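Walk through the following structure one element at a time.

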Amino acid sequence: MIRLATLLAAALLAGAAFAHDYSIGGVKIDHPWSRATPPGAQVAVGYMRIVNTSDAPVTLVGGSADFADVQLHSMTVKDGMMLMEDIPDGLTIAPGESLTFEPGGLHLMFTDIDGPFVEGETRKATLDFGEAGTVEVDFSVGGMGATHDHGAMTQ
């Protein structure tokens with residue numbers, strides 16, 4: 001009986017671990033997340049991994065949210081300076097390839113947010129993949145210094 005209970009608990013935990021993944025057609029979105037923001041902040045960020053499992057390129061053209069405007073951005077270091085750039089034409093993902101949105105690199109920029117992002121909450125946004133369609137995802141909010149590692153947020 002104890003073994004059955006242990007197996008059932010493991011199955012439920014495994015289901016929860018995968019519950020934060022989304023898909024539309026051949027596009028998979030893994031673990032969307034964000035960081036908590038201080039009171040008064042006007043911007044927040046969104047991170048995730050997007051995998052194209054289809055046999056055709058797909059383009060993330062943008063997104064939308066009730067709580068903010070959404071933009072695609074990249075961060076790079078050039079001559080020792082961190083540069084952030086808007087990506088107005090979207091990001092194309094080749095068949096079998098993936099894009100990782102992470103601190104210091106690609107990210108969604110949520111501007112004019114309606115209030116602070118609070119650790120433990122989720123923020124719902126819609127990702128627009130053009131002809132492939134749209135998908136609504138929940139961004140889990142971690143701590144202000146959170147990093148993303150294999151589906152878990154750590155400090």
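A polar atom of the side chain of Ser34 lies 2.4 Å from the backbone oxygen of Val45. This is a polar contact, defined as a pair of N or O atoms within 3.5 Å; within protein, one must be able to donate a hydrogen and the other to accept it, and residues adjacent in sequence count only if both atoms are side-chain atoms. Ser34 sits in strand β2 (residues 27-35), and because its relative accessibility is 0%, Ser34 counts as buried. Buried means under 20% relative accessible area, exposed means over 50%, and partly exposed is in between, with a 1.4 Å probe and protein chains only.

The model is predicted: local features need pLDDT of at least 70, side-chain atom pairs count only at pLDDT 80 or more, and totals for chains, interfaces and linings use all residues. Residues are numbered from 1 along each chain as its sequence is written, and side-chain values use heavy atoms, with hydrogens and water left out.

The chain has 1 helix and 14 strands. Helices (H or I, at least four residues) and strands (E, at least two) are DSSP runs, numbered from the N terminus. Of the 155 residues of the chain, 39% are buried. The accessible surface of the chain is about 8,800 Å², and 57% of that belongs to carbon and sulfur atoms; these areas come from the Shrake-Rupley method with a 1.4 Å probe, and for residues only the protein chains shown count as cover. Contact means heavy atoms within 4.5 Å. Among contacts in the chain with a separation of 6 or more, 62% are between residues 24 or more positions apart.

Strand β2 also pairs with strand β1 in the antiparallel sense, over 4 bridges. Two strands pair if DSSP finds at least two bridges between them. The bridge partner of Ser23 in β2 is Lys28. β1 and β2 form a hairpin with 2 residues between them, and Gly25 in the turn has a positive phi of about 60 degrees. In a regular strand the side chains alternate between the two faces of the sheet.

Strand β3 holds Val51, which counts as buried because its relative accessibility is 15%. Beyond four places in sequence, Val51 is in contact with Gly26, Val27, Lys28, Asp30, Glu97 and Ser98. The C-alpha atoms of Val51 and Gly96 are 7.2 Å apart, although 45 residues separate the two in sequence.

The largest nonpolar core has 37 residues, and those with the most contacts inside it are Ile29, Ile50, Phe101, Leu108, Phe110, Leu127 and Phe129. The largest share of this core, 5 residues, comes from strand β3 (residues 43-52). A nonpolar core is a set of buried Ala, Val, Leu, Ile, Met, Phe, Trp, Tyr and Cys residues joined through side-chain atoms within 4.5 Å. Residues that Phe101 touches include Ile50, Leu108 and His107.

His107 is in strand β10 (residues 107-111) and is buried because its relative accessible area is 2%. The side chain of His107 reaches the backbone oxygen of Gly105 at 2.9 Å. His107 and Leu72 are 35 residues apart in sequence and 6.3 Å apart from C-alpha to C-alpha.

Strand β11 (residues 122-128) has a covered face, with Arg123, Ala125 and Leu127, and an uncovered one, with Thr122, Lys124, Thr126 and Asp128. Arg123 is buried because its relative accessible area is 10%, and its side chain reaches the backbone oxygen of Pro116 at 3.1 Å. β11 pairs in the antiparallel sense with strand β5 (residues 62-64) over 3 bridges, and with strand β12 (residues 134-142) over 7 bridges. β11 and β12 form a hairpin with 5 residues between them, with Gly130 in the turn at a positive phi of about 60 degrees.

Last comes confidence. pLDDT is the predictor's confidence in each residue, from 0 to 100. The chain averages 85, and 83% of the residues score at least 70. Over residues 3-18 pLDDT stays under 50, and the model has 1 contact beyond four places in sequence for them. Residues 149-155 also have pLDDT below 50, with 15 contacts in the model beyond near neighbours in sequence.
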